[in-house]
Every structure is written in structure tokens, then in C-alpha cells.
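Dear colleague,

Please find below the structure I am handing over to you, followed by an account of what was found in it. I would be grateful if you could read the two side by side.

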Amino acid sequence: MAAPPNFEEGQSTYRPPRFNGQYYGWWKIRMHDFIMAEDLKLWDVIYDGVPMKTIGEPAVTIPKSRKEYNDADCKAIAKNFRAKKILVCSIGPDEYNRISACQSAKEIWEALQIAHEGTTQVKQSKIDMLATEYELFRMKDDESIQDMHTRFTSIINGLHSLGEIIPRNKLVRKILRVLPSSWESKVNAITEAKDLQKLTIDELIVNLKTYEMKKKKDHERR
């Protein structure tokens, strides 16, 4: 999952992240965090939708009318309009056309998700493709640790945005496995000295970069 090129850091924390039709996975994660920081209950109405009731035989679920709202329903509706306002204010005209007929924040979120991630079948295809990239991932012989980490992170973030989260300890072990054979001594040293269950990816990358710089200096001396 790539971030927009030339993105300027330090955007206002009071405005929702802007979505212009590109880099949906990047925007989706940032918007989720923005909404959660605003109010945990806002995410509940995006996930659950507006108050519903079941009628008829066979049973059919439909939205409640305003006259049927209880106090909890009224609070949920207020949260829905607040979440809807945040989502609408975060998108441009083209994206607004996709969701202009949506009546709830849940419908807006799902409409954008289907438009940019596809149906469940398409989404699963994307997950399968990224999972294959993950399984086949290897560090190139002429590649730096930083470049390898950037490629690896892009795959992991792509899976994360589609709901596939890989445990941290598995990611650490994966990085150690994809290093070239010339790194074998360093891999063994880390494996013996560190608790891989607790080692974070950032700590591992810093350790590998330090070793990489040492290797480069030794090579220059020789």
C-alpha cells in the first residue's frame, strides 16, 4: 500500500484525511484512525449502521422510522450524522457522486470500499495476490536493507488494508528468512541473542542497518 507521492507531512489533526480517488488503502487506514480518535462510538455506527427492526414472515430487516426511536436509537442516529459529515468532508466531487444517495455512514463506507477494493470476490483475489507476493518475497543481492524494508512494508500494509493482519513475530521471522546467504552469520547471531517473540520489526531493521554499515566499512578498508 503506497502513500501518495510528494505527500507533505504535518496535516491538520482537526480535518479528516482527504481522498481524491487514489491511494484508497492508505486513506482508509488513516480515516479509520481519525474517526476512532474523534469518538469510538462513531466507528460503531459505520460498522453497524442505523437502528433496524425485523418485520414480516419471512423476516425482513428494515430501518426503524423516526417515531420508533428510543433514547439509544436517537444517540445512534446523531452519531451516524456526525460520522457521515466527516466522511463527506473528506472526499472530492467525483467520489461524492458515488455516495450522494447513501443515507448512512455505513452505506458511504461500504460504497467507497466496493468502488476501490471491489466485491468480496475481487477483494479476495487481491488478498491472494499479495499473499503470494509475501510468500515469494526475497531480498535482492544488490538491495539495501532500507529498500528491502520499503518493499516488504508495502506488501504488509496492502494486506492490512484488506483485513489480513500478520502477527509481528511472524513478520520478524520472515525478514530473517528472506536475507541473502551472505547474512547467515548475522541471522544466527540475532536468532541466538534475541527473543523473536518480543523483537519488533523496527528494532530488527535498525540492527540490520547497523550491521550493513559495518559490512560496508569493512569492505572499504579491504
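C74 is partly exposed in this predicted model, since its relative accessibility is 41%. C102, by contrast, has a relative accessible area of 10% and is buried. What is the closest cysteine sulfur to that of C102? It belongs to C89, at a distance of 15 Å, which is too far for a bond; a disulfide would require the two sulfur atoms to be within 2.5 Å. The structure as a whole holds 0 disulfides.

Leaving aside neighbours within four places in sequence, R18 is in contact with W27, C89, S90, I91 and G92. R18 itself is found in the segment before α1, the helix that covers 24-38. Between R18 and M139 there are 34 Å in space, C-alpha to C-alpha, and the two are 121 residues apart in sequence.

The segment before α1 also holds Y23. Its backbone deserves a remark: phi of Y23 is near 60 degrees, a positive value in a residue other than glycine. Most residues other than glycine have a negative phi, and most peptide bonds are trans. With a relative accessible area of 31%, Y23 counts as partly exposed.

I turn next to the strands. In which sense do strands β1 and β2 pair? The pairing of β1 (residues 52-55) with β2 (residues 60-63) is antiparallel and extends over 4 bridges. Within it, K53 has I62 of β2 as its bridge partner. The two strands form a hairpin with 4 residues between them, and G56 in the turn has a positive phi of about 75 degrees. The loop between β1 and β2 also contains P58, and the peptide bond leading from E57 to P58 is cis, with omega near 10 degrees.

Finally, there is a helix pair to report. Helix α9 (residues 184-193) packs against helix α10 (residues 201-221) at an angle of about 140 degrees, and their axes are 12 Å apart. Why are α9 and α10 described as oblique rather than roughly antiparallel? Only angles over 145 degrees count as roughly antiparallel, and the two helices are therefore oblique to each other. Their crossing is right-handed. On the α9 side the contact is made by S185, K186 and I190, and on the α10 side by L204, N207, L208 and Y211.

Yours sincerely

Methods:
Residues are numbered from 1 along each chain as its sequence is written. This is a predicted model: local features need pLDDT of at least 70, side-chain atom pairs count only at pLDDT 80 or more; totals for chains, interfaces and linings use all residues. Side-chain values use heavy atoms; hydrogens and water are left out. Buried means under 20% relative accessible area, exposed over 50%, partly exposed in between (1.4 Å probe, protein chains only). Two strands pair if DSSP finds at least two bridges between them. Axes are lines fitted to C-alpha atoms, for helices over the stretch in contact, and angles run from 0 to 180 degrees between N-to-C directions. Angles under 35 degrees count as roughly parallel, over 145 as roughly antiparallel, 65 to 115 as roughly perpendicular and the rest as oblique. A crossing is left-handed if the near helix is turned anticlockwise from the far one by less than a right angle, and right-handed if clockwise. Contact means heavy atoms within 4.5 Å.
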